[in-house]
Amino acid sequence: MFTSQDAHAEDGDWLGRLVAPLDDPQVAGAYGRQVAHEGAKPPEEFFLDYLYGPSARTQRAAGEAELSMATTLFSNVNSAIRRDVFERFRFVDDINMSEDQEWSRRVLLEGYAIAYEPRAVVRHSHDYDLRAAFRRFYESGLSARRSYAPGRGSLLVVARTGLDYVRAEVRWFRERGLLRWLPYAAVYEAAKAAGLVAGTLHDRLGSR
């Protein structure tokens with residue numbers, strides 16, 4: 001199982017819930033919910049709620065055409081992998097980040113499933129400033145072609161995902177009476193989007 005030094009479990013049943021889906025030999029790995037630390041800014045709360053919501057799911061991909069950010073989502077902040085699968089499919093060490101999603105992509109294409117278990121909860125979040133947010137998502141963009149956005153259409157995939165995210169964020173703020181945070185969120189999300197696009201276009205920008 002995998003976690004990180006800045007995450008902590010919400011209760012004593014966390015680990016049992018996290019590993020339970022691995023009883024099915026067709027499930028290569030399972031990952032659990034992440035919720036923001038107390039006092040986190042609303043955009044960070046939404047980010048985690050968007051990726052790691054309250055509903056369980058099983059992710060599969062019959063081929064490259066079914067790969068997406070949603071199908072390959074997998075986070076080592078709160079995850080477990082079958083030992084026999086991990087012995088065959090190790091994490092690569094030639095990628096700057098998102099080695100967990102790159103791993104997920106490979107096992108999905110081998111016919112395995114990934115399970116999301118929202119009852120296995122950890123607290124984990126970051127308080128990025130604009131510079132750090134840009135850098136974090138630049139690194140994510142660099143890794144996108146190795147995970148959920150391979151090929152020439154990678155920027156289109158990122159743009160489509162970004163539009164869905166913005167719509168969902170505005171709705172989330174409205175439902176919680178947090179519309180006063182929209183100006184801050186707009187600047188913050190613009191920094192993240194700029195970093196993601198720059199990272200995705202890194203090869204083309206660097207060749208000019």
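**Entry 1: helix α6**

In α6 I found Ala133, Phe137, Tyr138, Glu139, Ser140, Gly141, Ser143 and Ala144 to be buried. I note that this is a predicted model, in which local features need pLDDT of at least 70 and side-chain atom pairs count only at pLDDT 80 or more, while totals for chains, interfaces and linings use all residues. Residues are numbered from 1 along each chain as its sequence is written, and side-chain values use heavy atoms, with hydrogens and water left out.

Helix α6 covers residues 130–144; helices are DSSP runs of H or I with at least four residues, and strands are runs of E with at least two, numbered from the N terminus. I read a reach of 21 Å from the first C-alpha of α6 to its last, close to the 21 Å expected for its 15 residues. The expected span is 1.5 Å times one less than the number of residues.

**Entry 2: the largest pocket**

I next examined the largest pocket, which holds about 1,000 Å³ of space. A pocket is an open set of points on a 1 Å grid over the protein atoms alone, where a 1.4 Å probe fits, with protein on both sides within 12 Å along at least five of seven lines; lining residues have an atom within 4 Å of a point. The volume is the space filled by probe spheres set on the points.

Which residues lie nearest the centre of this pocket? Among its 42 lining residues, they are Phe47, Leu51, Arg136, Phe137 and Ser140. Helix α7 gives the largest share of the lining, 8 residues.

**Entry 3: helix α2**

I then turned to α2, where Pro42, Pro43, Glu44, Phe46, Phe47, Leu48 and Leu51 are buried. Because 7 of its 10 residues are buried, α2 is largely enclosed by the rest of the structure.

**Entry 4: aromatic pairs**

I searched the whole structure and recorded 19 aromatic pairs. Rings of Phe, Tyr and Trp (its six-membered ring) pair if their centres lie within 6.5 Å; planes under 30 degrees apart are stacked, over 60 edge-to-face, and the rest tilted. Tyrosine 31 and tyrosine 52 form an edge-to-face pair, at 6.3 Å centre to centre and 75 degrees between the planes. Tyrosine 31 lies in strand β3 and tyrosine 52 in the loop between α2 and β4, so the pair ties together parts that are 21 residues apart in sequence. Tyrosine 31 is buried at 0% relative accessibility, and tyrosine 52 is buried at 6%.

Methods. Buried means under 20% relative accessible area, exposed over 50%, partly exposed in between (1.4 Å probe, protein chains only).
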